[in-house]
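Let's take a friendly walk through a protein model, one piece at a time. Keep the structure open beside you and find each part as we come to it.

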Amino acid sequence: MTEFRVWAPKPELVRLDVDGQVHSMARTADGWWHATVDAAPDARYGYLLDDDATVLPDPRSPRQPDGVHERSRLWDPARAAWTDSGWRGRPVEGSVLYELHVGTFTAAGTFDSAIERLDYLVDLGIDFVELMPVNSFAGTHGWGYDGVLWYSVHEPYGGPDGLVRFVDACHARGLGVLIDAVFNHLGPSGNYLPKFGPYLSSGSNPWGEGINVADADSDEVRRYIIGCALRWMRDFHADGLRLDAVHALVDTTAIHILEELAAETDWLAQQLGRPLSLVAESDLNDPRLITARERGGYGITAQWADDIHHAIHTAVSGERQGYYADFGSLATLGQTLRHGYFHAATYSSFRRRRHGRPLDTSSIPATRLVAYTCTHDQVGNRALGDRPSQNLTAGQLAVKAALAIGSPYTAMLFMGEEWGASTPFQFFSSHPEPELAKATAEGRKAEFAEHGWDADDIPDPQDPQTFQRSKLDWDEVGAGEHARLHRVYRDLIALRHNDPDLADPWLDHLAVDYDEDERWIMLRRGRLRIVCNLGNGPATVPATGEVVLAWGEPAVDAGRTVLEGHSFAILSVAEQT
């Protein structure tokens, strides 16, 4: 016998459909409906609300084999074939993360095909794989941020069993796994949750209606979110979550949902006997996120640091449009590397107001911020989905890598950046509804047309070729400059793992020197000097030492180092100064 439960306070009547047979359900005062029936282990089921004849999927569906508009299917996590009983986990702080999209990471675009590339990631030196969302969304391919059934795994990737195999294979190789979870909005196709209960708030965010985490009847919605988060870590053995755009979770209650989620995650970690991590994406520059709960913070493990990305990217590339306007100088780069946030209760010209709050570098280690030169957002949300590798030289890419990986922050790569992949990562979708498909394509063109782009140049998200173009070309890894850049990334990561000075997480121990006119910058980390020339011509840096790693051919003598244009060198000095 199987017990079916669904929270549905909105309808007057809820019935259960199991493989075409309809069963009555009993309601409790708190809006939960219950029924215990004889069902096969892989039965397809759903719910009938009031007098509507449409069978709706379970809001907590464990599997959606026929897509988000069809019946759910039972799936028992206790029957999963795990072999990772010896896995004791690893902490995120100070690690090297690798963000990937399952559908474009390999030609086949499945969990099983991704497993075939895990040994490559181990050789590269990666500690954690960070999966872009794998929850169920409408259509066959998309970024995953329009999920509507958060508890189930996207079937074209391999469904729940495929995810089990992938995580198990990662753990067998010593790789941790983070899963990107989107709790700030629901996708436009297949969102039946409002028919069941008050899942949506009265507010909105850039992606649609907000989630009800603080309005009336929000307690069960909060449990829905937290239960989903814990499920990824408990049932699928994930080592943590990346939390999408948490600034869009509008919570006016005394205990913020992020604080509650962090506490529940810590409790689960104790039960499982391994560390679990939450990594938030937030554009607020608010250190409360990563401040310990006993110090008045939320206790989130780490957060993405867009200011660091902006400072590195603009200084190397010269781009200044949009939210890059306040960045670009070496002074800004140095300040951001030293303090984590650039905007810290300072004026943001893009927002036209003060923004952020200073980070207490004496109590919060740098490893609670994640530094990167690429993310799915910073590539895919460009008009053409072009990567830095499509616009910059290999030397410029190497300089960016040295600054990010050589910094005190937790480091992250976006798939393919380590060899300067020539393939774009464009915005793609496969909405089954013609009206929604048209609106998505037209909205994308209109958005970038406002910024001066020719609408005809903007890729159609619904065109299957947009998706196909975004797949990595693995034949590039061993070819020419791609291979050279790959070796430098691998050597940088190895040095980061093996040198104790690069493991120092305290920003108060970091010194940064630069020359705006000569276009060089130097990070002093213990006995190491990470010197970078961001200019086109040679630059003379007042530093010397043994060359540990370099891009280009630095000339070191008489207390100075001469760097070629767009190059870097990591020097080891005889004594700390």
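Helix 8 and helix 11 are roughly antiparallel to each other, because the angle between them is over 145 degrees. In this predicted model, helix 8 and helix 11 pack at an angle of about 155°, with their axes 10 Å apart. Helix 8 passes helix 11 in a right-handed crossing. Which residues make the contact between helix 8 and helix 11? On the helix 8 side you will find Ile312, His313 and Val316, and on the helix 11 side Gln396, Val399, Lys400, Leu403 and Ala404. Sorted by class, the contact of helix 8 with helix 11 has 5 nonpolar, 2 polar and 1 charged residues.

The crossing of helix 8 with helix 9 is left-handed. Here Asp307, Ile308, Ala311, Ile312 and Ala315 of helix 8 meet Leu330, Thr332, Leu333, Thr336 and Leu337 of helix 9. The residues of this contact divide into 7 nonpolar, 2 polar and 1 charged. Look for Ile312 in particular: Ile312 is among the residues that meet helix 9, and Ile312 also takes part in the contact with helix 11.

**Another helix pair**

Now move to helix 6 (residues 219-234) and helix 7 (residues 257-272), which pack at an angle of about 35° with their axes 10 Å apart. By class, the contact of helix 6 with helix 7 has 9 nonpolar, 1 polar and 5 charged residues. Helix 6 passes helix 7 in a right-handed crossing. Helix 6 brings Arg222, Arg223, Ile225, Ile226, Ala229, Leu230, Met233 and Arg234 to the contact, while helix 7 brings Ile257, Glu260, Leu261, Glu264, Thr265, Leu268 and Leu272.

The helix pairs can be set side by side. Two packed helices are described by the angle between their axes and the distance between the axes.

| Helix pair | Angle | Axis distance |
|---|---|---|
| Helix 8 and helix 11 | about 155° | 10 Å |
| Helix 6 and helix 7 | about 35° | 10 Å |

Five strands, written in the order 22-23-24-29-26, form an open sheet with antiparallel pairing. Strand 22 (510-515) and strand 26 (546-551) are at the edges with a single partner strand each, so one side of each is left without a neighbour in the sheet. Neighbouring strands of this sheet are turned by 15° against each other on average, direction ignored. Inside the sheet, strand 24 (residues 528-533) pairs with strand 29 (residues 567-572) in the antiparallel sense over 6 bridges. Which residue of strand 29 does Asn533 stand opposite? Asn533 faces Ser567 there.

Helix 11 (residues 394-405) packs on this sheet and touches strand 23 (520-525), strand 24, strand 26 and strand 29; its direction makes about 150° with that of strand 24. Helix 14 (residues 480-498) lies across strand 26 and strand 29, running at about 140° to strand 26.

Strand 2 (residues 14-18) pairs with strand 6 (residues 44-49) over 5 bridges in the antiparallel sense. In that pairing, Val18 has Tyr45 as its bridge partner in strand 6.

On its other pairing, strand 2 joins strand 3 over 4 antiparallel bridges, and Asp17 stands opposite Val22 in strand 3. Strand 2 and strand 3 form a hairpin with 2 residues between them, and Asp19 in the turn has a positive phi of about 50°.

**A link across the chain**

How many salt bridges does the structure hold? The count is 30. Side chains of opposite charge can pair when their charged atoms come close. One of the salt bridges joins Glu155 and Arg63, with the closest N and O atoms 2.7 Å apart. This pair links distant parts of the chain, 92 residues apart: Glu155 is in the loop between strand 11 (147-153) and helix 4 (159-172), and Arg63 is in the loop between strand 6 and strand 7.

Note on methods. Residues are numbered from 1 along each chain as its sequence is written. This is a predicted model: local features need pLDDT of at least 70, side-chain atom pairs count only at pLDDT 80 or more; totals for chains, interfaces and linings use all residues. Side-chain values use heavy atoms; hydrogens and water are left out. A crossing is left-handed if the near helix is turned anticlockwise from the far one by less than a right angle, and right-handed if clockwise. Contact means heavy atoms within 4.5 Å. Ala, Val, Leu, Ile, Met, Phe, Trp, Tyr, Cys and Pro count as nonpolar, Asp, Glu, Lys and Arg as charged, and the others, Gly among them, as polar. Two strands pair if DSSP finds at least two bridges between them. A salt bridge is a side-chain nitrogen of Lys or Arg within 4 Å of a carboxyl oxygen of Asp or Glu. Axes are lines fitted to C-alpha atoms, for helices over the stretch in contact, and angles run from 0 to 180 degrees between N-to-C directions. Angles under 35 degrees count as roughly parallel, over 145 as roughly antiparallel, 65 to 115 as roughly perpendicular and the rest as oblique.
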